[in-house]
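Look at the chain below before reading on.

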Amino acid sequence: MNAAVARGLLRLLMAPLVAALAVLAVGAPHAHAATGVSDIARALRKGPLYVDPAATGQLSGSDAEALAKKIRDADKPIFVAVLPKGYPTRNLFADLRTETGITGLYGVRLGDRFDARADSSVLSRQAVGNLATAVRGAGDAKAQLNDFVDDALRSNVGGSAPSSWSGSGGGPAMDTGSLATIGAVLAAGGVGAYALVRLGRRRQEEERRAALEKLRVVVDEDITAFGEELDRLDFHPAEAGADDAMRADYERGLDAYEEAKSLMAAAQRPEEVRGVTRALEDGRFSLALLAARREGRPLPERRAPCFFDPRHGPSVADATWTPDGGAPREVPVCAADQARLADGREPMVREVDTASGRRPYWDAGPAYGPWAGGYFGGGILPGLLIGTLLGNLMAGPSYAAMYGAGYGDFGTGGYDGGDVSGADFNSDDFSGGFGGGDFSGGDFGGGGDFGGGF
């Protein structure tokens with residue numbers, strides 16, 4: 001039984017409760033009467049969406065419920081507030097983050113304007129700025145907020161939804177005294193619901209383990225190849241002509257090798273593989289620097305690894321390539337693959353095992369997303385993979401929910417979003433004025449960080 005089936009059975013089991021709760025409800029999460037920041041934060045601790053009573057004309061009840069459900073189903077710490085025009089903007093993001101006390105990505109539509117902030121452990125400043133800028137011209141609230149959430153789920157939002165959502169599900173608020181009247185019903189359905197939830201979680205964990213084992217084969221090949229590359233260098237720190245810069249490059253290469261092995265040995269989830277391939281990419285660049293120093297060549301610029309096979313090392317140029325059934329795009333290539341493409345030959349592509357035989361990694365399924373993400377960070381992956389099987393799969397919220405991220409900015413650091421951290425957070429992540437265009441002199445207002453004005 002997969003997670004979707006489990007959720008369906010859970011809904012059937014809880015159906016009698018839904019009717020009872022509907023009668024007892026005093027308002028949906030988008031219809032709270034007060035507009036203070038503390039009230040907004042209280043609502044967001046219960047569910048991912050708050051629509052101010054004075055802004056209900058921007059988003060219908062059904063559209064609000066659909067948007068909240070999308071966020072909950074993705075299990076990501078994304079918080080959205082819809083506020084009326086003229087709502088005070090000074091320190092809005094910082095105050096909201098303080099009152100909510102949960103690390104996450106916060107998007108606010110204020111009148112017809114929009115802005116966002118995030119904890120850096122959840123999403124980088126650059127990625128948040130890109131998200132906000134991309135949706136500012138989306139039009140009405142429904143289109144804009146859905147675009148924001150969809151783009152966020154493709155942009156490596158770290159962490160998971162806060163546990164406080166699971167208690168309320170973002171559903172209707174109710175009078176606490178009414179709980180006693182339906183306690184027996186809840187208890188009767190609770191045992192079966194708990195069993196279904198546990199079954200769904202167990203199934204999801206089994207799928208994660210299977211995905212990790214599939215990745216382990218490819219990553220072990222990468223680690224082995226990098227170790228062999230270290231051996232072929234035949235570099236000795238005390239050799240004639242070696243200087244401190246060479247020794248530092250070599251040491252960084254060795255450290256990257258050990259880090260990759262250690263991280264892979266400790267990996268428990270597929271998304272943790274990103275750290276392994278990121279370390280290997282760092283190590284290969286260090287070796288490229290060392291080789292240039294030893295040969296007296298100009299030092300190479302830092303570039304993404306060869307798209308066709310990261311084991312080829314850092315790319316030297318971008319070349320036009322067209323995947324089967326896809327559109328042409330520029331991809332980073334090593335010197336050897338650049339020459340092959342220029343001669344009209346096929347590049348040396350990294351293939352992996354699939355149920356239908358050996359296939360290029362970009363046509364091998366979603367499990368290879370974390371592997372590719374570690375190599376191709378910084379937001380370049382969408383353009384490389386769009387139109388391929390892996391790119392299409394990674395674009396969906398289901399992929400984000402399963403593997404912790406889409407394919408946007410892979411360089412965001414940790415994945416601890418959704419935890420309760422109170423007011424102890426980096427205020428720089430929430431600084432700056434609100435909005436672009438007619439807000440704050442046309443800037444984004446701090447580059448997607450918290451603190452300061454809205």
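Q: How many residues does the chain have, and what share of them count as buried?
A: The chain has 454 residues, and 46% of them count as buried. The model is a predicted one.

Q: Why is Phe307 called buried?
A: The cut-off for buried is under 20% relative accessible area. Phe307 has a relative accessible area of 0%, so it is buried.

Q: What makes Trp362 count as buried or exposed?
A: Buried means under 20% and exposed means over 50%. Trp362 has 4% relative accessibility, so it counts as buried.

Q: Which residues belong with Phe307 and Trp362 in one aromatic cluster?
A: The cluster also holds Phe308, Trp321, Tyr361, Trp371, Tyr375 and Phe376.

Q: How many aromatic pairs does the structure hold?
A: It holds 17 aromatic pairs.

Q: Why is the pair of Phe226 and Tyr257 called tilted?
A: Rings pair if their centres lie within 6.5 Å, and planes count as stacked under 30 degrees, as edge-to-face over 60 and as tilted otherwise. The centres of Phe226 and Tyr257 are 6.1 Å apart and their planes are at 55 degrees, so this pair is tilted.

Q: Where in the chain are Phe226 and Tyr257?
A: Phe226 is in helix 8 (residues 183-233) and Tyr257 is in helix 9 (residues 244-266). The two residues are 31 residues apart, and the pair links distant parts of the chain. Both Phe226 and Tyr257 are buried.

Q: What makes the pair of Phe307 and Trp362 stacked?
A: Their ring centres are 5.1 Å apart, which is within the 6.5 Å limit for a pair. Their planes are at 15 degrees, which is under 30 degrees, so the pair is stacked.

Q: Which loops hold Phe307 and Trp362?
A: Phe307 is in the loop between helix 10 (273-295) and strand 7 (317-321). Trp362 is in the loop between strand 10 (357-360) and helix 12 (369-375). The two are 55 residues apart.

Q: How do you know that strand 3 and strand 4 pair?
A: Two strands pair if there are at least two bridges between them. Six bridges join strand 3 (residues 78-83) to strand 4 (residues 105-110), so these strands pair. They run parallel, and the bridge partner of Phe79 in strand 4 is Tyr106.

Q: In the open sheet of four strands, what is the order?
A: The order is 2-3-4-5, with mixed pairing.

Q: Why are strand 2 and strand 5 called edge strands?
A: Strand 2 (49-51) and strand 5 (113-118) each pair on one side only.

Terms used:
Residues are numbered from 1 along each chain as its sequence is written. This is a predicted model: local features need pLDDT of at least 70, side-chain atom pairs count only at pLDDT 80 or more; totals for chains, interfaces and linings use all residues. Side-chain values use heavy atoms; hydrogens and water are left out. Buried means under 20% relative accessible area, exposed over 50%, partly exposed in between (1.4 Å probe, protein chains only). Rings of Phe, Tyr and Trp (its six-membered ring) pair if their centres lie within 6.5 Å; planes under 30 degrees apart count as stacked, over 60 as edge-to-face and the rest as tilted.
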